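Here is a briefing for a first look at a protein model. Keep the structure in view while reading.

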Amino acid sequence: MIVVFGSLNVDMVLPVETLPRPGNTVLCEEYKLLPGGKGANQAVAAAKAGAKVKMFGSIGNDSFAQIARHFLESTHVDISALTTSDRPTGCATICVDSAGENMITIASGANLQASSATIRDELLTDNSTVLLQMEVPAAENWKLIERAKQRKSRIILNLAPAQSIPDELIQTLDILVMNQIEATVLALYLGFDVISPAIAARRLSSKYGITCIVTLGDEGAFACNPLGSWSVQALSIKPVDTTAAGDAFVGVLAAAFDKGLPIEQALRRAAVASGLACLTVGAQPSLPDAQQIDAALSRVPTPRRSI
């Protein structure tokens with residue numbers, strides 16, 4: 001089972017020809033209100049990939065709450081433990097340009113009251129995977145990581161959006177997933193004298209004994225752990241909206257590891273899912289299911305380990 005602790009948002013998606021610049025107003029014809037939030041997105045991605053998923057987080061007592069809940073329920077994510085806050089449901093404004101690139105501003109709202117204490121100890125076992133991101137209070141993440149480590153759960157942290165992480169907690173992780181910017185931010189925080197994402201990943205893996213994965217957009221992803229390193233290609237596509245690409249990668253990766261698949265297969269499935277998620281507007285509506293991933297799997301070769 002996958003325990004997801006993270007954010008739930010409603011995304012206001014604005015399709016624009018070009019992304020606005022400071023002081024610049026850009027017009028578009030319409031907007032869509034769609035469920036989002038990195039925690040919810042990754043929960044849906046994992047569930048659609050075939051995993052049993054239980055979601056923990058906080059939503060408001062408002063009209064956006066039902067939008068945030070609907071897609072989770074429809075994909076059979078267990079949301080019975082979500083809490084209701086006196087703050088509004090989180091909301092993100094997402095501008096998506098004609099090339100599929102995006103610019104996102106998030107109002108955290110109820111996500112700021114997400115509490116790791118709502119996750120019972122009996123859910124944290126050596127057969128569970130705990131999946132976290134950085135759109136809820138960092139202190140709550142750190143508390144959950146410490147509890148999960150004590151109970152021998154697999155711990156996957158997606159360090160997104162980029163923030164620092166206490167040095168002593170990094171070694172308690174099993175898997176750390178970052179994009180290029182997030183890897184650079186962490187490398188600088190840790191005082192590394194090099195900030196190349198791949199080199200930073202190697203340094204993190206060597207120093208802390210963890211699996212470190214850096215997503216590289218249309219160049220795929222790079223992974224390393226004390227046993228070696230792997231590079232996986234991206235799925236060749238013409239992107240429509242890249243908003244959920246990273247969340248698709250992480251959610252499907254978590255589902256693969258939770259099923260006991262080796263890292264080569266997990267990376268391949270995650271890379272395919274990430275590409276497929278770029279073919280539809282919106283976050284959760286774009287996330288592929290296991291059958292769609294299987295159908296496109298032959299388009300990405302299985303990565304090979306190098307020492």
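Predicted model: local features only at pLDDT ≥ 70, side-chain atom pairs only at ≥ 80, totals over all residues.

Residues are numbered from 1 along each chain as its sequence is written, and side-chain values use heavy atoms, with hydrogens and water left out.

**Nonpolar cores**

- A nonpolar core is a set of buried Ala, Val, Leu, Ile, Met, Phe, Trp, Tyr and Cys residues joined through side-chain atoms within 4.5 Å.
- Buried means under 20% relative accessible area, exposed means over 50%, and partly exposed lies in between (1.4 Å probe, protein chains only).
- The largest nonpolar core has 57 residues. Ile 2, Val 53, Phe 249, Leu 253 and Leu 267 touch the most other members.
- Helix α7 (residues 245-258) gives the most to this core, with nine residues. Helices (H or I, at least four residues) and strands (E, at least two) are DSSP runs, numbered from the N terminus.
- A second, separate core holds 40 residues, including Leu 132, Leu 169, Ile 170 and Cys 212.
- Which residues does Phe 249 touch, not counting residues up to four places away in sequence? They are Val 177, Ile 213, Thr 215, Ala 221, Leu 267, Ala 270, Ala 271 and Ser 274. Contact here means heavy atoms within 4.5 Å.

**Salt bridges**

- A salt bridge is a side-chain nitrogen of Lys or Arg within 4 Å of a carboxyl oxygen of Asp or Glu. By this rule the count is nine.
- Asp 247 pairs with Lys 38 in one of them, and the closest N and O atoms are 2.8 Å apart. The pair links distant parts of the chain, with Asp 247 in helix α7 and Lys 38 in helix α1 (residues 38-48), 209 residues apart.
- Asp 247 is buried because its relative accessible area is 2%. Lys 38 also counts as buried, at 16%.
- Lys 207 forms a salt bridge with Asp 167, with 3.9 Å between the closest N and O atoms. This pair too links distant parts of the chain: Lys 207 is in helix α6 (residues 197-208) and Asp 167 is in helix α4 (residues 167-170), 40 residues apart.
- Lys 207 counts as exposed because its relative accessibility is 52%. Asp 167 is partly exposed, at 35%.
- Lys 143 forms a salt bridge with Glu 140, and their closest N and O atoms are 3.3 Å apart. Both lie in helix α3 (residues 138-150), three residues apart, or about one turn of the helix.
- Is Glu 140 buried or exposed? Glu 140 is buried, with a relative accessible area of 14%. Lys 143, at 43%, is partly exposed.

**More on Glu 140**

- Leaving aside its neighbours within four places in sequence, Glu 140 is in contact with Phe 5, Ala 114, Ser 115, Ser 116 and Ala 117.
- Glu 140 and Gly 217 are 77 residues apart in sequence. In space they are 29 Å apart, C-alpha to C-alpha.

**Ser 286**

- Where is Ser 286 found? Ser 286 is in the loop between α8 (263-276) and α9 (290-296).
- Ser 286 counts as buried because its relative accessibility is 5%.
- A polar contact is a pair of N or O atoms within 3.5 Å; within protein, one must be able to donate a hydrogen and the other to accept it, and residues adjacent in sequence count only if both atoms are side-chain atoms.
- The side chain of Ser 286 reaches the backbone oxygen of Ala 283 at 2.7 Å. A polar atom of this side chain also lies 3.1 Å from the backbone oxygen of Ala 277.
- Not counting residues up to four places away in sequence, Ser 286 touches Ala 244, Leu 276, Ala 277 and Thr 280.

**Pocket and cavity**

- On a 1 Å grid over the protein atoms alone, a cavity is a set of points where a 1.4 Å probe fits but cannot get out, and a pocket is an open set with protein on both sides within 12 Å along at least five of seven lines; lining residues have an atom within 4 Å of a point.
- The largest pocket has a volume of about 1300 Å³. It is lined by 44 residues, of which Asn 179, Thr 242, Thr 243, Ala 245 and Gly 246 lie nearest its centre.
- α7 gives the most to the lining of the largest pocket, with five residues.
- The structure holds one cavity of 30 Å³ or more. Among the residues lining the largest cavity are Ala 49, Val 252 and Arg 269.

Definitions and conventions. Points joined across faces, edges and corners; volume = space filled by probe spheres on them.
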